[in-house]
Structures are given as structure tokens and as C-alpha cells.
Amino acid sequence: KGETIGDYLSADSFMDIMLKRFEERNIKFYTTFNVFFISSLVNEMNADIQKIKSGEETYNSVDKDNKVYIKSWVHHPPMFNPLHPKVKKVIMGFVKEIADRYSYSPAFGGITFHLNMPQPMFYGSLDISYDDWTINEFEKDTGIKIPVDKKDPERFSKRYSWLIENNRQKWTAWRCEKITGYYKELAEILRSKRSDLELVVNILEPVMPVMDEQRSKWIKGEKK
């Protein structure tokens, strides 16, 4: 039985009621993903930076300052690595579940990703994903070898510095290509249920005055 939404609508029927009202008015309904926290991933995550430095794998974001993210908050990158297989599996499962449940309704149009910085469906910033798994994938796909000792406890920040100074364009392009490929997979999940279902990407950065300096640079087209 679903939880209560407001004082009178149960969560297990709320979407069906909404879809019925949208059908009556011939309006499309898109479910929006606004994800900060995923309990199943939090319960099993390795967020011990010392263990990660010693070589243990993590699906948490590791940033340019040798820091592992253990929470999400607004205007900061996501706590989870969006391309790690365990993170992808969870998000793909959410998309499939929603498609399975609601594709019966002609009003259901698909899913929208609400992409502000903390969302684990994209990177949000070049500041993150210098962990061992991501770098191994990048080197394997591109043939580029980053000249940083793989056992160096400070390797995450050193990788960032080398990539930004020497291969920023290829590093950025690789990340974009991988995210694009991921979104194609998600779109196929939707279309496998109904051919007209859509995955909509709603990018909400640069954000408002909280990040005035960075926002101003983006608006001017500056890269750094």
C-alpha cells in the first residue's frame, strides 16, 4: 500500500489518477526525475577515501581535490558516478519500472531528466570522476595513457591537472559521448514499451545568482 500524498491521495494510485485527468484533457504527462539520493546505492557505497586511494573501487564521485562525495546538495556535482555500471543499473531500473507501470496510458509521454548539478544522470562538472574505474575506461576507449602512477594516493588531482592541461577536449568529448550513449540506452527502454515514448533532457545549468561568476563565464562563452 502506498504512502499518503497530501491528506487524501495514496501514492500507489496517484499517478493513475493524474494520467486519467490528463487523458480527459488531451494533455501529455512526463514523469520528471529529480534525484539527489538513492538509498540502495548509499547502503552499499564505498566512501572511504583511504580505501579508495589504496585501490578499492567506488561508484561515488571522486573529485579533482582527492575528495570522495558522500552526499548531494544543490549547485554541487552528484555523489554518484553516472556512468558506473552499478549506478546505471539502478537508473535504468527506475526508467523501466515507470515505463512498465504507465505506458498503458495514452497521456503518458515519457520521462524528463531534471539536470541540475547534483543529478546522478550526468556529470554536472569537470571537477569529478577522476576515480580508477572512470580513468581505466577512458584509457581503454581512447588509447590515451595518463602519466600518473596508478598507486599514487594523490592520483585523482594529478589526473585532473594533466587532462585539463593536455587533453581537455578529448576528455570532455569522451564524457559527452558516453553520456549520449547512455541516454540512447534509456530511450530504447522507453521505446521498447511504446514507440512514441520520449526521454527529455532538461538542462538547468548555469544556475541563478548562487553561481554568478561561473554563470557569467558560461554566458560569455568562456571555457574556463
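The chain's secondary structure comes to eight helices and five strands, where helices (H or I, at least four residues) and strands (E, at least two) are DSSP runs numbered from the N terminus. This is a predicted model, in which local features need pLDDT of at least 70, side-chain atom pairs count only at pLDDT 80 or more, and totals for chains, interfaces and linings use all residues. Residues are numbered from 1 along each chain as its sequence is written, and side-chain values use heavy atoms, with hydrogens and water left out.

Trainee: What share of the 224 residues of the chain counts as buried?

Mentor: Buried means under 20% relative accessible area (exposed is over 50%, partly exposed in between, with a 1.4 Å probe and protein chains only). Of the 224 residues, the share that counts as buried is 44%.

Trainee: Why is α4 called roughly parallel to α7?

Mentor: Axes are lines fitted to C-alpha atoms, for helices over the stretch in contact, and angles run from 0 to 180 degrees between N-to-C directions. Angles under 35 degrees count as roughly parallel, over 145 as roughly antiparallel, 65 to 115 as roughly perpendicular and the rest as oblique. Helix α4 (residues 85–102) and helix α7 (residues 168–193) have axes 9 Å apart and pack at about 25°. That angle makes the pair roughly parallel.

Trainee: How many nonpolar residues are in the contact of α4 with α7?

Mentor: Contact means heavy atoms within 4.5 Å. Those taking part include Ile91, Met92 and Val95 of α4 and Leu186, Ile189 and Leu190 of α7. Ala, Val, Leu, Ile, Met, Phe, Trp, Tyr, Cys and Pro count as nonpolar, Asp, Glu, Lys and Arg as charged, and the others, Gly among them, as polar. Beside five charged and no polar residues, the nonpolar ones number eight.

Trainee: Which residues of α5 meet α6?

Mentor: The axes of α5 and α6 come within 11 Å and cross at roughly 35°. On the α6 side, the contact has Arg155, Phe156, Arg159 and Leu163. Facing them from α5 are Asp132, Ile135 and Phe138.
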